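Look over the model below.

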Amino acid sequence: QALVDPMNLEEKLLFFQTLVDIGFKEIEVGFPSASETEYEILRTLIEKNFIPDDVTIQVLVQAREHLIRKTFEAIRGAKNVIVHFYNSTSTLQRKVVFKTDMQGVINIAVEGAKLIKKLTDEETAKSGINIRYEYSPESFSGTEIENSILICEKVMEVLEPTPEHKLILNLPNTVELATPNCYADQIEYFSRHIKNRDSIILSIHPHNDRGTAIAATELGIM
């Protein structure tokens, strides 16, 4: 995602094929709206049939209209896709980056979810593409836990997950702001208090700035 020397097309194709050969069935392939290189890598995977029918690719996108639309252009022709969208929710990001309150960042997430659902319906009608959803309240570990739950439930109201068609909720320990035990406590509280728990998959998303990502993952899963 942010290598000092980013992978070129050949390197990324080799990496993708290696993951397929190992047996991965869900593979995040990039951020196609972030650069022309990322866009072209995804188009190459799709147009040259590098993606097996039983493998789902995942694409990452900020909850911003022009980036979402570009992402849906990029996935056209794929069979199985997870659209992973996010916006930051932390107290610091709200104050410094967005200059808004919690309702302001909820609005960003909800509008993004509405557009993604609309574009999904359009693409499904045209091509029969199978699209699943994933949402991240970025900087989850720096957000008040009740606000993390609130924004995810507002996204769920739009996307309407069910036990048969679950929404992935991805909870990042962005820049490893929390120690492993605190992150695990946040995960546990979220899991116990989120509505319709049987309609979501909780996804652990550690960072390694402290060097304790494995511990955070193990404790979070426990």
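Does Glu160 count as buried or exposed? At 54% relative accessibility, Glu160 counts as exposed. The cut-offs are these: buried means under 20% relative accessible area, exposed means over 50%, and partly exposed is in between, with a 1.4 Å probe and protein chains only. This is a predicted model, in which local features need pLDDT of at least 70, side-chain atom pairs count only at pLDDT 80 or more, and totals for chains, interfaces and linings use all residues. Residues are numbered from 1 along each chain as its sequence is written, and side-chain values use heavy atoms, with hydrogens and water left out.

Stay with Glu160. It lies in the loop between H6 and S5. Such labels come from DSSP runs, numbered from the N terminus: helices are H or I runs of at least four residues, and strands are E runs of at least two. The phi of Glu160 is near 50°, a positive value in a residue other than glycine. Most residues other than glycine have a negative phi. Val175 also has a positive phi, of about 50°, and is not a glycine. Val175 sits in the loop between S5 and H7. With a relative accessible area of 49%, Val175 is partly exposed.

Pro161 is in the loop between H6 and strand S5 (167-172). Pro161 counts as buried, at 17% relative accessibility. Which residues does Pro161 touch, leaving aside its neighbours within four places in sequence? They are Met156, Lys166, Leu167 and Ser199. Contact here means heavy atoms within 4.5 Å. Arg64 is 97 residues from Pro161 in sequence, and 22 Å from it in space, C-alpha to C-alpha.

Now turn to the aromatic rings. How many aromatic pairs does a search of the whole structure find? It finds four. Rings of Phe, Tyr and Trp (its six-membered ring) pair if their centres lie within 6.5 Å; planes under 30 degrees apart count as stacked, over 60 as edge-to-face, and the rest as tilted. One of the pairs is Phe85 with Tyr135, which is tilted, at 5.0 Å centre to centre and 50° between the planes. Phe85 lies in strand S3 (residues 80-88) and Tyr135 in strand S4 (residues 130-138), so this pair ties together parts that are 50 residues apart in sequence. Phe85 is buried, with a relative accessible area of 0%. Tyr135 is buried at 0% relative accessibility.

Another pair is Phe140 with Phe190. Their arrangement is edge-to-face, with 6.0 Å centre to centre and 85° between the planes. Phe140 lies in the loop between S4 and helix H6 (145-159), and Phe190 in helix H7, so the pair ties together parts that are 50 residues apart in sequence. Phe140 counts as buried, at 0% relative accessibility. Phe190 is also buried at 0%. Phe140, Tyr183 and Phe190 form one aromatic cluster.

The helices come next. Two packed helices are described by the angle between their axes and the distance between the axes. Axes are lines fitted to C-alpha atoms, for helices over the stretch in contact, and angles run from 0 to 180 degrees between N-to-C directions. Helix H7 (residues 180-193) packs with helix H8 (residues 213-221) at an angle of about 30°, their axes 8 Å apart. H7 and H8 are therefore roughly parallel. Angles under 35 degrees count as roughly parallel, over 145 as roughly antiparallel, 65 to 115 as roughly perpendicular and the rest as oblique. In this contact, Pro180, Asn181, Tyr183, Ala184 and Ile187 in H7 meet Ala215, Ala216, Leu219 and Gly220 in H8. The residues divide into seven nonpolar, two polar and no charged. Ala, Val, Leu, Ile, Met, Phe, Trp, Tyr, Cys and Pro count as nonpolar, Asp, Glu, Lys and Arg as charged, and the others, Gly among them, as polar.

Helix H1 (residues 9-22) and helix H2 (residues 36-47) cross at roughly 50°, and their axes come within 10 Å. H1 and H2 are therefore oblique to each other. Leu9, Lys12, Leu13 and Phe16 in H1 meet Glu38, Ile41, Thr44 and Leu45 in H2. By class, five are nonpolar, one is polar and two are charged.

H2 also packs with helix H3 (residues 65-74), at an angle of about 30° and with the axes 9 Å apart. That makes H2 roughly parallel to H3. Glu36, Tyr39, Leu42, Arg43 and Ile46 in H2 meet Lys70, Glu73 and Ala74 in H3. This contact has four nonpolar, no polar and four charged residues.
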